[in-house]
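Work through these exercises with the sequence and the model at hand. Try each task before you read its solution.

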Amino acid sequence: NFGANNENNAESIFEIQYATGIGRGFSDGDASFTAESNWMATALNPGRQRAFANGLPSVEVDNFFRQFPEEDTIRRTLTIARPGDVWGPWNPIAEDPIAAGQWRDRTGDVPDAPFLGVRKGTEGAFPIGFVQSPINFRTMRFAEILLLFAEAENEANGPTADAYAAINRVRERAAVDPLPEGLDKDGFFARVATERRLELTFEFKRFFDII
């Protein structure tokens with residue numbers, strides 16, 4: 001759902017269309033040479049000489065995922081890159097990241113912090129220059145619609161069978177077990193909030209959830 005392949009698929013509600021090879025990578029403004037590529041992938045991509053690595057996962061969000069080891073199979077691995085993770089032919093975080101020259105030095109600014117990178121929305125080297133990512137930005141996915149429904153149903157009627165079905169559909173998609181039965185309204189709401197973070201980290205939803 002977050003690479004250059006399978007864009008605008010059946011799970012996509014709305015996504016911003018980007019293209020590579022148009023204009024200059026660093027151009028801006030309304031001009032004939034303005035790029036039509038995705039800058040988010042450039043900012044978050046952890047690889048040296050492939051991006052800026054301006055956005056790095058916090059230790060706090062990494063610790064959050066570590067509370068749910070079952071998520072490592074799909075959601076954590078496709079959200080946060082840790083040392084030793086590899087996707088495709090690209091290893092952005094070697095066991096000795098700085099010595100390997102594949103990691104931005106700034107990741108060592110926090111003492112004793114693990115080397116972390118944002119995997120969601122990045123794919124390693126881009127076809128035409130490191131600022132010419134063609135990856136569409138997924139603004140809203142069907143999984144979020146299901147979680148919004150589960151939350152609204154719970155607020156209106158409590159944790160009904162329909163509310164459980166909606167959130168469990170998202171969990172099944174991520175290959176994790178269904179929620180336990182018997183939650184009360186507050187308990188179900190807490191699980192929806194947790195599920196949103198597991199599913200939507202780095203999709204720019206967290207700030208609004210907190211608000």
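**Exercise 1. Which residues of α4 are buried?**

Step 1. Apply the cut-off: buried means under 20% relative accessible area (1.4 Å probe, protein chains only).
Step 2. Read off the residues: A143, E144, L146, L147, A150, E153 and N154 are buried in α4.
Step 3. Recall a rule: an α-helix has 3.6 residues a turn, so residues three or four places apart point the same way.
Step 4. Look for the cover: it includes β4 (137-141), α5 (161-173) and α6 (185-200).

The model is predicted; local features need pLDDT of at least 70, side-chain atom pairs count only at pLDDT 80 or more, and totals for chains, interfaces and linings use all residues. Residues are numbered from 1 along each chain as its sequence is written, and side-chain values use heavy atoms, with hydrogens and water left out.

**Exercise 2. How far does α4 reach from its first C-alpha to its last?**

Step 1. Find the helix: α4 covers residues 142-157, 16 residues. Helices are DSSP runs (H or I, at least four residues), numbered from the N terminus.
Step 2. Get the expected span: 1.5 Å times one less than the number of residues.
Step 3. Compare: α4 reaches 22 Å, close to the 22 Å expected.
Step 4. Check what follows: G158 comes after α4, and its phi is positive, near 85°.

**Exercise 3. What percentage of the chain's residues is buried?**

Step 1. Take the chain: it has 211 residues.
Step 2. State the share: buried residues make up 42%.

Note on methods:
Helix = DSSP H or I, 4+ residues; strand = E, 2+ residues; numbered from the N terminus. Buried < 20%, exposed > 50% of the residue type's maximum accessible area, 1.4 Å probe, protein only. Contact = heavy atoms within 4.5 Å.
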